[in-house]
Amino acid sequence: MRYNPNEAISQTAMKLFDVQDYSYVKLDHLNELEITNFSNMKPVMNFLKLLLSKSSMLKKVRVVINGVMLHELPASLDHLKHLHLEICLMEQDEISSALCMIRSSPVLKKIVFKMYNKKLPVRRTPNNFLDLENYSDLKLDHLETLEIEMFSKSPLVMDFVKLVMAKAPVLKKVRIQLRGGVSVDEELKMLRSLVLLPFRRASPYAKLVVERYN
């Protein structure tokens, strides 16, 4: 299922998600969901929560976050195994939303982040936002693969990689695709940080793959 809120819902129709009872809605056979051009308007957020709460067998989700702030989901995504997010890690609301979805998905096997940069002013993520001690409740017991596409030279991205590697005991592969503007020196610095410098790794068998975007 693919959903574009800006095209699919008029202003009048969106108000219905605040007032109607949708207990009769069942999406028991929906296993894939893709959401693009997602906005932070309350009715759109409510519609997303409705979709997620009614999709008990959902296994794959792709979301373009685009400034969205999710504080919590209405239900745990107990069957979700593949989460693909397009995200600006420099914006605190977006990374908080990503972590909200990850926390709500206890059997995730694969996470894919596609990075993008925003030119407009954003609510910047504090440098210590992804410190390991802040996420004692984060569990990634089934995660096998982490992929980050269009990687840029952001310390926060590195912190996210380290957080995942510290919380994923069966992690097998970390794939990082570098953005074209990343220099060779920056790549070597990143590799030293991930390979040579000490930090907590839950899985001793995780393979690191670094490649450049063509």
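This is a predicted model: local features need pLDDT of at least 70, side-chain atom pairs count only at pLDDT 80 or more; totals for chains, interfaces and linings use all residues.
A salt bridge is a side-chain nitrogen of Lys or Arg within 4 Å of a carboxyl oxygen of Asp or Glu. The side chains of arginine 62 and glutamate 86 meet this condition, with an N to O distance of 2.2 Å.

**Overall make-up**

- The protein contains seven helices and eight strands.
- Of its 214 residues, 48% count as buried.
- The accessible surface of the protein comes to about 11,400 Å², and 51% of this surface belongs to carbon and sulfur atoms.
- Among the contacts in the protein with a separation of 6 or more, 79% are accounted for by residues 24 or more positions apart.

**Salt bridges around arginine 62**

- The count of salt bridges in the model comes to seven.
- One of them joins arginine 62 to glutamate 34, where the closest N and O atoms are 2.7 Å apart. This pair links distant parts of the chain, since arginine 62 lies in strand E3 (residues 60-64) and glutamate 34 in strand E2 (residues 32-35), 28 residues apart.
- Arginine 62 also forms the salt bridge with glutamate 86, at 2.2 Å from N to O. Here too distant parts of the chain are linked: arginine 62 is in strand E3, glutamate 86 is in strand E4, and the two are 24 residues apart.
- Arginine 62 has a relative accessible area of 22% and is therefore partly exposed, whereas glutamate 86, with a relative accessible area of 14%, is buried. The cut-off that matters here is that buried means under 20% relative accessible area.

**Other salt bridges**

- Aspartate 137 and arginine 103 meet through their side chains in a salt bridge of 3.2 Å, N to O. The pair links distant parts of the chain, with aspartate 137 in the loop between E5 and E6 and arginine 103 in helix H5, 34 residues apart.
- Both partners of this pair can be described by their accessibility: aspartate 137 is partly exposed at a relative accessible area of 46%, and arginine 103 is partly exposed at 38%.
- A network of salt bridges links Lys110, Glu147, Glu149, Arg175 and Glu211.

**A positive surface patch**

- Lys59, Lys81, Lys109 and Lys172 form a positive surface patch.
- Lysine 109, one of the residues of this patch, is found in the loop between helix H5 (92-103) and strand E5 (110-115).
- The relative accessible area of lysine 109 is 36%, so this residue counts as partly exposed. A residue of a patch must have over 30% relative accessible area and no salt bridge.

- Histidine 84 lies in strand E4 (residues 82-87). It counts as buried because its relative accessibility is 16%.
- Leaving aside neighbours within four places in sequence, histidine 84 is in contact with Val61, Arg62, Val63, Val112 and Lys114. Arginine 62 in this list is the residue that forms a salt bridge with glutamate 86.
- Methionine 150 is found in strand E6 (residues 145-151), and its relative accessible area of 13% means that it is buried.
- The backbone of methionine 150 has a positive phi of about 60 degrees, although this residue is not a glycine. Most residues other than glycine have a negative phi.

- Asparagine 31 lies in the loop between helix H3 (16-19) and E2. At 40% relative accessibility, asparagine 31 counts as partly exposed.
- The C-alpha atoms of asparagine 31 and serine 55 are separated by 7.5 Å, while the two residues are 24 residues apart along the chain.
- Apart from its neighbours within four places in sequence, asparagine 31 is in contact with Met57, Leu58, Lys59 and Lys60.
- Leucine 89 is found in the loop between E4 and H5. Its relative accessibility is 2%, and leucine 89 therefore counts as buried.
- From C-alpha to C-alpha, leucine 89 and asparagine 117 are 8.4 Å apart in space, and they are 28 residues apart in sequence.

Notes
Residues are numbered from 1 along each chain as its sequence is written. Side-chain values use heavy atoms; hydrogens and water are left out. Patches are made of residues with over 30% relative accessible area and no salt bridge: like charges are joined within 9 Å, nonpolar side chains (Val, Leu, Ile, Met, Phe, Trp, Tyr) within 5 Å. Accessible areas come from the Shrake-Rupley method with a 1.4 Å probe; for residues, only the protein chains shown count as cover. Lys and Arg count as positive and Asp and Glu as negative; His and the chain ends are not counted. The place of a charge is taken as NZ of Lys, CZ of Arg, CG of Asp or CD of Glu. Helices (H or I, at least four residues) and strands (E, at least two) are DSSP runs, numbered from the N terminus. Buried means under 20% relative accessible area, exposed over 50%, partly exposed in between (1.4 Å probe, protein chains only). Contact means heavy atoms within 4.5 Å.
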